[in-house]
Amino acid sequence: MDLTLTPAVVRVLQVFLADPDAPRYGMQLMNEARVSSGTLYPALARLERAGWITGENEDIDPAEAGRPARRYYTMTREGARAAHRELTELSERSRPPTRTPGWLPGAGAEGA
């Protein structure tokens, strides 16, 4: 599946790749990736459809826990490989040129 790497998806993937085996829930991901719920949940749905993450509902009694059950997301092995590959390629495509343009401060007196 072709997955568009929006800035929000990139930030979510970076959180997952920091520890691919760690399950994470929505509020935790929103805080760590610095995205809103309106951005996070569509991204998680796309990642889940692509097979990069799996989601599982927490098995608790909400009345006993005093909170609703959470949905935990975990990165799949294939998802970790694909995310690492895609983020590496994105980094390569967006790397600045090795030469400093003459118009930048400190570029030297080559044109002087």
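**Group meeting: helices and a buried glutamate**

Buried here means under 20% relative accessible area, exposed means over 50%, and partly exposed is in between, using a 1.4 Å probe and protein chains only.

Before I go on, a word about the model. It's a predicted one, so local features need pLDDT of at least 70 and side-chain atom pairs count only at pLDDT 80 or more, while totals for chains, interfaces and linings use all residues. Residues are numbered from 1 along each chain as its sequence is written, and side-chain values use heavy atoms, with hydrogens and water left out.

Back to Glu 58. Where does Glu 58 lie? You'll find Glu 58 in the loop between strand E2 (53–57) and helix H4 (62–65). Helices (H or I, at least four residues) and strands (E, at least two) are DSSP runs, numbered from the N terminus. If we skip residues up to four places away in sequence, Glu 58 touches Arg 67, Pro 68, Ala 69, Arg 70 and Tyr 72. Contact, by the way, means heavy atoms within 4.5 Å.

Let's pick up Arg 67 from that list. Arg 67 sits in the loop between H4 and strand E3 (71–75), and at 26% relative accessibility Arg 67 counts as partly exposed. Again leaving out neighbours within four places in sequence, Arg 67 is in contact with Glu 58, Ile 60 and Pro 62.

Now zoom out. The protein chain has 5 helices and 3 strands, and from the N terminus on they run α-β-α-α-β-α-β-α. Of the 112 residues in the protein chain, 29% count as buried. And if you take contacts between residues at least 6 apart in sequence, 52% join residues at least 24 apart.

Next, helix packing. Two packed helices are described by the angle between their axes and the distance between the axes. The axes are lines fitted to C-alpha atoms, for helices over the stretch in contact, and angles run from 0 to 180 degrees between N-to-C directions.

First pair: helix H1 (residues 7–18) and helix H5 (residues 77–93) pack at about 125°, with their axes 10 Å apart. H1 and H5 are therefore oblique to each other. For the words: under 35 degrees is roughly parallel, over 145 roughly antiparallel, 65 to 115 roughly perpendicular, and the rest oblique. Which residues meet here? From H1 we have Val 10, Leu 13, Gln 14 and Leu 17, meeting Ala 80, Ala 83, His 84, Leu 87 and Leu 90 in H5. That contact divides into 7 nonpolar, 2 polar and no charged residues. Ala, Val, Leu, Ile, Met, Phe, Trp, Tyr, Cys and Pro count as nonpolar, Asp, Glu, Lys and Arg as charged, and the others, Gly among them, as polar.

Arg 11, Val 12, Val 15 and Phe 16 in H1 meet Leu 29, Glu 32 and Ala 33 in H2. By class, that's 5 nonpolar, no polar and 2 charged residues.

Last pair: helix H2 (residues 26–33) and helix H3 (residues 37–50) pack at about 110°, with their axes 10 Å apart, and that makes H2 roughly perpendicular to H3. The contact is made by Gly 26, Met 27, Leu 29 and Met 30 of H2 and Ser 37, Leu 40, Tyr 41 and Leu 44 of H3.

That's my tour, thanks!
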